[in-house]
Structures are given as C-alpha cells and as structure tokens.
Amino acid sequence: MKKNPVIPFALIAVLGILAMVILSVQGLNQQEEIANGGGEEVALDPEAIAQNCIGCHGGDLEGVEGSGPSLQKIGSKYSEEEINEIIMNGIEGTAMPGGLVSSEEAQVLAEWLAQKQ
Ligand code: HEC
C-alpha cells in the first residue's frame, strides 16, 4: 500500500486545532474569573472611588482653596445618610455635583467618609 504523504500533516493540523480549542476555552474561564473577582474589588474600595472627588477636594480630601472644602472630618458634620444624599444629588446652588458615582459606590463612600471624625 502506498503511503499517503498528506496524513502526517493532517494529524499535526488536527492536533493544532485541538490545542487551540482547549486553550481558548481555558482563556474564557480566566476572563470570567478576572471580570468577576478583580473588577468588583476595585469598584468597592472607597479610596479608589474617592478618586472621583480629589479633583475638587484634594488628593487626601484635605480640601482645595476655592475649589472644594476638606472632607477629612466630614463624619462629625454629617451622618452617613446625609453624606450619601450629598454624593448622589450634589449640593444645589454650589459647585458640588451629584451623580459622579453609582448608588452602590456612593453607599460605600458614604460609609467610609462617615467614619472620618
Ligand atoms: C467639581 C468639583 C467637585 C467634585 C468633583 C466633588 N465635589 Fe464635593 N464639593 C464641592 C464644592 C465646591 C463643595 C462646597 C459646596 C458648598 O458651597 O457648600 C462640596 C461639598 C461637599 C460636601 C459637603 C462638605 C461640607 O463641609 O459641607 C461633601 C460631603 C462632598 N462635597 C463630597 C464629595 C464627594 C464624596 C465627591 C466625590 C464623589 C465630591 N464631593 C466631588 C465640589 C466638588
């Protein structure tokens, strides 16, 4: 019987395709893991969320002259609910804007700020 010279190549091709399929399925799993685990942690870290505020309130929330007041002792001025309300709606008639973060992030941020006495 004459050997078909294409067979070894065909075998290698099939192995290669199998390897591709296996690796991409593995990659998809990892992608989901990263999306679920990693993302959430960053989004719910209050100091990371506070990055939305530092433009006006300063890098350590120490306040910026003519821009935004200090938030370092904000917990002794407002309750957690009041801070949440300010974050969500801003302060009418001032440069303090509402809606900078999602309501979930506002909750985490308010809880964290309310502890600053
Ligand atoms: C565009 C600038 C700007 C940004 C961004 C900003 N703020 Fe403000 N914020 C202000 C200003 C200006 C005031 C003062 C308003 C006033 O005159 O009462 C203020 C006031 C506040 C107050 C009340 C302070 C007090 O002593 O009465 C809180 C609480 C506050 N901001 C929280 C935040 C948080 C949390 C963020 C981020 C999610 C944020 N702000 C982002 C400008 C800003």
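The shell around the ligand has 15 nonpolar, five polar and one charged residues (Ala, Val, Leu, Ile, Met, Phe, Trp, Tyr, Cys and Pro count as nonpolar, Asp, Glu, Lys and Arg as charged, and the others, Gly among them, as polar). This is a predicted model, in which local features need pLDDT of at least 70, side-chain atom pairs count only at pLDDT 80 or more, and totals for chains, interfaces and linings use all residues. Residues are numbered from 1 along each chain as its sequence is written.

**Around the ligand**
- Of the 21 residues around the ligand, Cys 53, Cys 56, Thr 94, Ala 95 and Met 96 come nearest (a residue is near if its C-beta atom, placed from the backbone, lies within 6 Å).
- At least two shell residues come from each of helix 3 (54-57) and helix 4 (80-89); helices are DSSP runs of H or I, at least four residues, numbered from the N terminus.

**Helix 4 and helix 5**
- Helix 4 packs against helix 5 (residues 103-114) at an angle of about 135 degrees, and their axes are 8 Å apart (axes are lines fitted to C-alpha atoms over the stretch in contact, and angles run from 0 to 180 degrees between N-to-C directions).
- The two helices are therefore oblique to each other, since angles under 35 degrees count as roughly parallel, over 145 as roughly antiparallel, 65 to 115 as roughly perpendicular and the rest as oblique.

**Domains**
- Domain 1 covers 1-43 and domain 2 covers 46-114, with bounds from an automatic or database domain assignment.
- The C-alpha centres of domain 1 and domain 2 are 47 Å apart.
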